[in-house]
Amino acid sequence: MPGVESTSKFTQIIGVAPAAAQNATRKKRRSIFSVLFGRKKARRKAVKKKSKRVRSRRKKKSRKARKRPTSKRRLAKPRRSKKSKTRRAKRKLIPAPIVVEKLETAKNVLVVGDFFSGALASGLDKAFKELVDVKVVDKSNGNSGFVRNDIIDWPATLAATIAENKPAYIVAMLGSNDRQLMRENGAKLKKRTPEWDEAYKKRVEALGEVLKASRVPYIWVGLPPVRFKSMNKDFLFFNELYGKAAQSRNGRFIDIWDGFSDAEGNYSRSGPDVNGQIVLLRPKDGINLTKAGRQRLAYYVQGQIEKAISSGGAYVNSSLAFDIEDNLPKTSTYNPKRTGKTVVISLDDPASDGAQILAGAKSELKNGDGKLQGFTVPGINESAPTVRRVGRVDDYTWPRQSPSQTGTPALAIAN
């Protein structure tokens, strides 16, 4: 059209751009803020592109490394901190536990009972781990006891267990699961009723008869206190029955109650271990034993077992153990407070160990008249005649005389 052409020529002549051209120039224009802060988006985009490139390169390298054979791989070693290096060095310094092989002729220590006896067997196994001639045989059952004879009837099965393992010593500890209903002759007996107590006592005595008939020295270990007072009341009753059954049947009963309680006899979770350090002896449940508790429990019976079955030592029945009352005169006239005389026990007397021979010869404890030797206690009976003994430290006579010159013994006066 002539009008349009004239306007375009007019704009070309005057130098004014059309509207489309003006809009394009407006978009290209930038303000001061765009100049100062407008490049952040571009930088972010550039960083994202660069990170994508790096990731793609790493993926390609990992794929190539997988395709390569294992011998040609070059894997970067992870950096380790100084703490990890020191820990590894300490682990290397710790020696491996030494496993001592037991001899074929090792003497067996048979442990029977419930879960407490299992903990006791674990502690004894650690205590005797370096002894090649002592072996611990654990025949415990955690759910057993005197009440649930359907699980294990200990009085009925213990004789066969002893014959099978041929132990040199027996350790029994059970009763912690017995606070429950008992079945006796088809009847149900409620806990701690007179009928229940009588039936329970018979089962305890039956086990004692089996232990006595085995002619093997044994220890019956009592129950320790627990966190629940109602259980402790029954455990004290059980321990009384166990002690009577063992001591009346040539056995030894060990009461461990004080070892796991406080000064007042109540349950204590912590206490001294075998080294005298205060540690936790019981876990949070208040019934079971920790590792230190098991070692402490084993400590109560370890010494007795070592004395009985140590290398080269003879078996010593606890009923034959030395007791000072065995050497006292069995007469009603014996009264140290009134007579001023007491019993002299010689240091070289073999009877103190339950023997009669010392170094291949007999040692006489009595005088020729068959009476025990004694001495006068000064200050108790002043009317008793005092006899001077030559050669004693309280002999102040001068000049000194040897016992050979007078022929008077320097030990005691014969009654």
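In which hand, left or right, does α7 pass α8 in their crossing? Select both helices to find out. This is a predicted model, where local features need pLDDT of at least 70, side-chain atom pairs count only at pLDDT 80 or more, and totals for chains, interfaces and linings use all residues. Residues are numbered from 1 along each chain as its sequence is written, and side-chain values use heavy atoms, with hydrogens and water left out.

**First stop: α7 and α8.** Helix α7 covers residues 154-165 and helix α8 residues 194-213; their axes come within 9 Å and cross at roughly 15°. That makes the two roughly parallel (angles under 35 degrees). The crossing is right-handed (the near helix is turned clockwise from the far one by less than a right angle). Now show side chains: W154, P155, L158 and A159 of α7 meet R203, A206, L207, V210 and L211 of α8 (heavy atoms within 4.5 Å). By class, that contact has 8 nonpolar, no polar and 1 charged residues.

**Second stop: R203.** Stay on R203, whose side chain meets E184 in a salt bridge at 2.8 Å, N to O (a side-chain nitrogen of Lys or Arg within 4 Å of a carboxyl oxygen of Asp or Glu). The pair links helix α8 to strand β4, 19 residues apart. R203 is buried at 12% relative accessible area (buried means under 20%, exposed over 50%, partly exposed in between, with a 1.4 Å probe and protein chains only), while E184 is partly exposed at 28%.

**Last stop: R179 and D234.** Here the closest N and O atoms of the salt bridge are 2.7 Å apart. R179 sits in the loop between β3 and β4, and D234 in helix α9.

Key: Axes fitted to C-alpha atoms, helices over the stretch in contact; angles between N-to-C directions. Helix = DSSP H or I, 4+ residues; strand = E, 2+ residues; numbered from the N terminus. Parallel < 35°, antiparallel > 145°, perpendicular 65-115°, else oblique. Nonpolar A, V, L, I, M, F, W, Y, C, P; charged D, E, K, R; others polar.
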